[in-house]
Amino acid sequence: MGEFILKMPDVGEGVAEAELVEWHVKLGDPVREDMVLAAVMTDKATVEIPSPVSGKVLWLGAEVGDTVAVKAPLVRIETAAEAGEPPPDSIPQALAEDVLEEPVAVSAPPEAKAPPKPEAIETRPAPAPREAPDVSKKPLASPAVRLRAKDSGVDLRQVTGTGPAGRITHDDLDLFLSRGAQPAPAITGLVRKTAVEEIKVTGLRRRIAEKMTLSTSRIPHITYVEEMDMTALEDLRATMNRDRKPDQPKLTVLPFLMRALVKTIAEQPGVNATFDDGAGVIHRHAAVHIGIATQTPAGLTVPVVRHAEARGIWDCAAELNRLADAARTGTATRDELTGSTITISSLGALGGIASTPVINHPEVAIVGVNKIAIRPVWDGTQFVPRKIMNLSSSFDHRVIDGWDAATFVQRLKTLLETPALIFVEG
Amino acid sequence: MKEISCKLLVLGAGPGGYVCAIRAGQLGVDTVIVEKAKAGGTCLNVGCIPSKALIHAAEEFHKLRAAASGKSPLGLSLSAPAIDLARTVAWKDGIVGRLNGGVTGLLKKAGVKAVVGEARFVDGKTVDVETETGLQRIRAEAVVIATGSAPVELPDLPFGEHIISSTGALALKTVPETLAVIGGGYIGLELGTAFAKLGSKVTVLEAMDRILPQYDAELSKPVMKRLGELGIDVFTRTAAKRLSADGRGLLAEENGRPFEVPAEKVLVTVGRRPVTEGWGIEEIDLDLAGRFIRIDDQCRTSMRGIYAIGDVTGEPMLAHRAMAQGEMAAEIVAGRKRSWDKHCIPAVCFTDPEIVSAGLSPDEARATGIEIKIGQFPFQANGRAMTTLSEDGFVRVVARADNHLVLGIHAAGHGVSELSASFALAIEMGARLEDIAGTIHAHPTQSEAFQEAAFKALGHALHV
C-alpha cells in the first residue's frame, strides 16, 4: 500500500491560504481519481479540489472553517501502489504517529489483519435500512425519565439535559416541571420552544460578516435618498424591449443606471474611487468597474461588470445577466468577484421605500435602487400618475462631502428622468 | 349467533398479542383475545423457543461426538454417542407445551377471556370468530391486530414432505442424511448449523453475495468460518431452481452454472411475510406500508380504534419488538399517554457463534453524518472465553466522537446472546464510553470484553 499526501494547491494568484468550506469525503471513504475531495474558498471564489489518485482516505488535515496554508498537507490517501514505491511526498514521522492514534483505529482479531481489498468495499451490498436509525431526534433520557415525562405530559424535546452527553436526568425533569411548564396543551397547539440551533459561521457567510464589520466600523457613512420620476425611462425601456433583436437581452432598469453612472462619474470622478485609509491615499479610477450586489443561495456576492465606460447599454445588460447567473450557480471566478470601483445594490423587487446601503470597502460610494411605484404627482394643474422610484445612496463621508454627494445624486436624477441625456454624446 | 362485547379485542395470541392482553387485563381493561391455534404464536410454538431447544440438543450431541472422536482438548473420551431425534423433539414439545399452558394461565390470571377460532372483521368494531361451538360475534371499542407472519414459500418449491419450512424442520422425527437450506439468513443458518451438528450433510444456498446480509461482514465472518469447520457448504449468488427428477436432490444455479445439491430434505428459509390476509382486512380498508400494515408511533392504524403490533407491522420481525408494542398499545387503550420511544431493538442471531446487535453499526452511524469512534475487543484476549473453548468473535462499541455517547454495540461469540441485555441497557440509558469503562465487569466473564471495547474506543485498552 502506498500513500499519497495531497497538499493545499495554489488556488489563486497571490493567495497564501484558503478556507476549507466543505469536505466531500469522510475518513475511510474510497476515492477515485478526479473525484472532488473538498471545497476551499479564497476571497469570494470557491474552488473544488479533485483527487489526483485513487485509493482510500486515511486522514483529513483540517475541519470545515479552518484556514489552510497553501502547500500544507490536506488529505492523506492510501493508494494501491506497492509499498516499495516511494510515496509522492513523505510526511514527518511525528505526523505519521499522530495518525496512528486516530480514534477510528480499530483493533481487529489477528485473522482479520489481511490487507483490506478495496473491491470488496464496492461489491458489498449496503446494509438493509433498519427502523429509524435517526438518533439525533430522540431526546436522550433513560426509560424511567421518559415514562415520567409521558405521564406528566412533558415533551422531552423541550427539556434541557444537564447530564453527560446532554442526557436528561430526573432532576432536569423536576426542574422543568417546577417551573410550571404546562403539559403541552393539545387545545391551543401552542407550545414553548427552547431549542437553540448552533450554526457555525463559515465560508461565504464569514466573509460577508467580516466585510460588513470592516465597512461599517471603518467608514463613516452618509446616506442620501432622492426620488426619481422614472416614467420616461420606463417608456423608453418598454419600447427598447419591444423592438429588441432576438440576440439582445431584456433590459432592466440597471443597465440604464449603469450608463447614467458612467456619465455622472465622468463629471464627478471623486465617487469612482477606492480609499486606502492606511496609506492616506485615494485612488481615482478611470475605469468604471461596477459591482452588482447579488443574492445567491449561499449569501451575498458582488460580481463585477468591468469597464462599464466601454460598454453600450445592451452589452451592460448581457454582461449583467451572465455574471448574475455565474454568481448564483457558484461558477463565478475570483476575477469576476473582485475589483469593483463602485457598487449598485438593488432590493427594488422586494419593495421598501428607502435603504441605507453599506459601502463595499474600500470603495467610497454605493447606489441603492428602491421599488418603482405609481404615485400621484401634482403637475401644476392636476394630479397625474407617475412612476416614482427612490434612490438611496451612501458615501464615505471622510472623502466625499454632503454637497458633493447631493450633487452626484441630483445629476443622476436629471439623467434618469430625461433618459435621452444618457445617450447624448459629450 | 352468540354475541359478546368488550373494551379491547386482541387478534392473535403470539408474543405481541398475549403481552398486550395481559397488560390490558392488569390495567382493568375488559379484554378478549382470539387465537386460532395455540397460545404463544410463532415464537413459542414453531420459532424462537423450539429452535433454541433443537439448537441446544444439537450442540450437546456435537460435543459428545467431538469427545468420542478422541480430539477433545479437555481430555474427555467416550464411545460413540447416538441421538434419537424423535425423543429430542418430544422433549422440545414438552417445553412448548409447558409454555403454552403458562401463557394460557397468565391470560386467565389477568382476567382476559380467550376465544379459540378464526377471526374475521365484519366492520371496524365487530369481529366474527368461527369457533368449535359455532359463530361468535365480538364487539369491541378497540382492536389490536397481532396476526404475525408466516414463512415465504417459493413458487417452484412448494412446502410438502421433501420441501419444508422452519416449522417442518422443528418437527422432523429423524435426522436427514442430506439437507439443503435455501436462504442464508439467520433462520436458515441457525437450523442448518443444528442439523449439521446432528449429523446431516448441510448445503446452504444464498442468492445475495454473502450470508447474513443484514449484518456487516465483520460480524458474519466468525460464523462463516465455523460453517466451514462444520463441513457446511455455502454457495452465495446461487439460485435454487427445483427438485431433481428422483426427488433426492435440489437443482441450483451459481452464476449461470447449473449443479445439483444432494437433499433428502430441502429447508426453505427465504424470509417471512406479514399475515395480512384471511382475517378480513378488506372489510376495514387499512392503509399499508409496503406489505405491512401502516402504523404510527402509537401503533395506531389508519382506522380509528384499530391498532396493529408485531410482525404484521414491519421489520424487524422480532418477538421482543412485538411484546414492547403490545405493552404500549394496551397502556394506550387504558388511557395512558404512551408513544414508541425506544432507542434500540436488540437482535440476536443464534448461529455458532452467536451474533448480537444493538443500535447502529459503524456504517449506519457514519450514514447519519456523525463522526464516530470504534472500539473492538477480541475474545481471543478474554480469559473466560479461553476456558470454554470459545475464542472466536469480539465485542465492538460504536460511539460519537464528540461526546462519546454509545450509538451501537455488536458482538459475535459463544453465549453473547446473554450480553444483549447490557448492550441494550447501555443504549437506552444513554451511556457514554466512560460509563461502560467505569463499570466494574466481573472477572472472569465474557462481559469483560464489553468494558475492554469501551476502553479501546477511549484509547486505553488494558488487555490487548
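Student: Leaving aside neighbours within four places in sequence, which residues is K2(B) in contact with?

Tutor: K2(B) is in contact with G134(B), Q136(B) and R137(B). Keep in mind that this is a predicted model.

Student: How far apart are K2(B) and Q136(B), in sequence and in space?

Tutor: In sequence, 134 residues separate them. In space, K2(B) and Q136(B) are 5.1 Å apart, C-alpha to C-alpha.

Student: Which residues of α4(B) are buried?

Tutor: L85(B), T88(B), K92(B), V103(B) and L107(B).

Student: What do the buried residues of α4(B) pack against?

Tutor: Several elements of chain B, including α1 (15–26), β2 (31–35) and α3 (48–68). The list also has α2 (41–46), β3 (113–116) and α6 (186–198).

Student: What comes just after α4(B)?

Tutor: G111(B) takes a positive phi there, about 80°.

Student: Which residues other than glycine have a positive phi?

Tutor: Two to look at are D34(A) and L212(B). Phi is about 75° for D34(A) and near 45° for L212(B). Most residues other than glycine have a negative phi.

Student: Where do D34(A) and L212(B) lie?

Tutor: Each is in a loop. For D34(A), the loop runs between β3 (30–31) and β4 (36–42) of chain A. For L212(B), the loop runs between β10 (201–205) and α7 (217–229) of chain B.

Student: Is D34(A) buried or exposed? And L212(B), buried or exposed?

Tutor: D34(A) counts as exposed, with 10 C-beta neighbours inside 10 Å. L212(B) has 22 other C-beta atoms within 10 Å, so L212(B) is buried. The cut-off for buried is 20 or more.

Student: Next, cis peptide bonds. Where is P316(B), and what is omega for the bond from E315(B)?

Tutor: P316(B) lies in the loop between β19 (306–308) and α9 (319–333) of chain B. The E315(B) to P316(B) bond is cis, with omega near -10°. Another cis bond joins D352(B) and P353(B), with omega about -5°. P353(B) sits in the loop between β20 (347–349) and β21 (354–359) of chain B.

Student: Over to chain A. How do helices α7 and α8 cross?

Tutor: The axes of α7(A), residues 253–267, and α8(A), residues 313–329, come within 9 Å and cross at roughly 120°. That angle makes α7(A) oblique to α8(A). The crossing is right-handed.

Student: Which residues meet there?

Tutor: From α7(A): L254(A), P255(A), F256(A), M258(A) and R259(A). From α8(A): I313(A), C316(A), A317(A) and L320(A). They divide into 8 nonpolar, no polar and 1 charged.

Student: Last one. How many helices and strands are there in chain A and in chain B?

Tutor: Chain A has 10 helices and 18 strands. Chain B has 14 helices and 24 strands. Buried residues make up 28% of the 426 residues in chain A and 49% of the 464 in chain B.

Definitions and conventions:
Residues are numbered from 1 along each chain as its sequence is written. Chains are lettered from A and ligands numbered from 1 in the order in which they are written. This is a predicted model: local features need pLDDT of at least 70, side-chain atom pairs count only at pLDDT 80 or more; totals for chains, interfaces and linings use all residues. Axes are lines fitted to C-alpha atoms, for helices over the stretch in contact, and angles run from 0 to 180 degrees between N-to-C directions. Helices (H or I, at least four residues) and strands (E, at least two) are DSSP runs, numbered from the N terminus. Angles under 35 degrees count as roughly parallel, over 145 as roughly antiparallel, 65 to 115 as roughly perpendicular and the rest as oblique. A crossing is left-handed if the near helix is turned anticlockwise from the far one by less than a right angle, and right-handed if clockwise. Two residues are in contact if their C-beta atoms, placed from the backbone, lie within 7 Å. Ala, Val, Leu, Ile, Met, Phe, Trp, Tyr, Cys and Pro count as nonpolar, Asp, Glu, Lys and Arg as charged, and the others, Gly among them, as polar. A residue is buried if 20 or more other C-beta atoms lie within 10 Å of its own, exposed if 12 or fewer, and partly exposed in between; C-beta atoms are placed from the backbone.
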